[in-house]
Amino acid sequence: MKSSFEWFKRRLSGTHRASSSGQEDALAPIAAQWSSEGYAVLPGFYSDEEIEQAKAAVGQAWAERLPRLVVDDMVALKRLRLVDVDEHARAHHRFKTNDLYMEYEAVRRLGLNARLTPILTRLLGHVPVLCNSLSFEQGSAQDDHIDALFMTPRSPHQLVATWVALEDCHLDAGPLRYYPGSHRIPPYVFSTGSHHVVETEMPHWHAYVNHEVAARGLKPEVFAARKGDVFIWSAYLLHGGSPINDPARTRNSVVFHYYSEGDCVAQGCTLVPYEGGYWMHRPHQPVPGFGEPEAPPLPANARVTGMASA
Ligand SMILES: O=C(O)CCC(=O)C(=O)O
């Protein structure tokens, strides 16, 4: 795996020589890993500078405390406005900060850019629309799941995620865990006929997935990430956050999810062209008790699809 990526990195840096036919495919090793394992790794993809700028933006979000920003308190298990997080919780709880991609360019740039967008386009098979971001300062310790349960794409397979390491991840900090090859498990069908989660039926989902994992001999691995690494996973790859053995350790990282342009247009989304793809402009996540959530200002080049443009 690593050697094929070295080849790809040489290609990206321009030191790769094309074959005599000139037809070599720089993304072939990544696409092959994607197809056989359900994920792809881009070691050292981002520079220290790019990573530090994104980290600074997360710090800025917590300093500015824009009232429209929304976080999930992963200890108290509740969603709230960032501005309402008290000092005690900020110091002692773990938070997932939602959708900084809509607010801070330095975060958005890690989700879409001239080097990453072509890779995402190849793996997704469509032009990607960056539709959310989740910034973590500590591990998520999230149960194993597939993203298609919660962000069920309108068209099967038209959802991918990237995970970017904003620092080296210590193995006691709760690294990302994943099951290579699990993307081949046919998605569970709930009583609604959909792959979308029905919470009361999750015990059946777990029993089904555990059975499939055992029957296929799949084994979990952890991503011992180094700062600047990118991990890309399919909507159907089983993954989660490993237990946090040392709560004092940070695990700065950001997850981005992407739907396809076609699915977003079919759903009338507002898309902002960016670095060969789009980012979705929308309200922030709703917070119980706060009415309609607010969106950031609409960029002048936004493309409003659906009824208005039909
Ligand atoms: O970063 C992690 O620990 C897991 C994140 C995750 O599972 C997700 O965002 O779907």
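Close-up 1. Strand 12 (residues 270-274) runs antiparallel to strand 13, and five bridges join the two; strands count as paired when DSSP finds at least two bridges between them. Helices (H or I, at least four residues) and strands (E, at least two) are DSSP runs, numbered from the N terminus. This is a predicted model, in which local features need pLDDT of at least 70 and side-chain atom pairs count only at pLDDT 80 or more, while totals for chains, interfaces and linings use all residues. Residue numbers start from 1 along each chain as its sequence is written. Look for tyrosine 274, whose bridge partner in strand 13 is glycine 277.

Close-up 2. Leucine 130 stands opposite tryptophan 279 of strand 13. Strand 13 (residues 277-281) is largely enclosed by the rest of the structure, because four of its five residues are buried. A residue is called buried if 20 or more other C-beta atoms lie within 10 Å of its own, exposed if 12 or fewer, and partly exposed in between, with C-beta atoms placed from the backbone.

**Close-up 3. Three strands form an open sheet in the order 8-7-10.** The pairing in this sheet is antiparallel. Strand 8 (221-222) and strand 10 (239-241) are the edge strands, each pairing on one side only. Strand 7 (residues 176-178) is joined to strand 10 by three bridges, and tyrosine 178 has histidine 239 as its bridge partner there.

**Close-up 4. Helix 2 has one face lined by buried residues.** In helix 2 (residues 28-37), the buried residues are Ile30, Trp34 and Glu37. They fall within an arc of 100° seen down the helix axis, so they line one face of the helix; the arc is that of the directions from the axis to the C-beta atoms. Glycine 38 follows helix 2, with a positive phi near 90°.

**Close-up 5. Alanine 173 is buried in a loop.** The loop runs between strand 6 (159-165) and strand 7. Alanine 173 has 23 other C-beta atoms within 10 Å. Leaving aside neighbours within four places in sequence, alanine 173 is in contact (C-beta atoms, placed from the backbone, within 7 Å) with Gly139, Ile244, Asp246, Arg249, Thr250 and Arg251.

**Close-up 6. Leucine 77 and aspartate 99 have positive phi although neither is a glycine.** Leucine 77, with a phi of about 55°, sits in the loop between strand 2 (70-73) and strand 3 (78-81). Leucine 77 is exposed, with 7 other C-beta atoms within 10 Å. Aspartate 99 has a phi of about 60° and lies in the loop between strand 4 (95-98) and helix 5 (105-111). Aspartate 99 counts as buried, with 23 C-beta neighbours inside 10 Å.

Note on methods: Contact = placed C-beta atoms within 7 Å.
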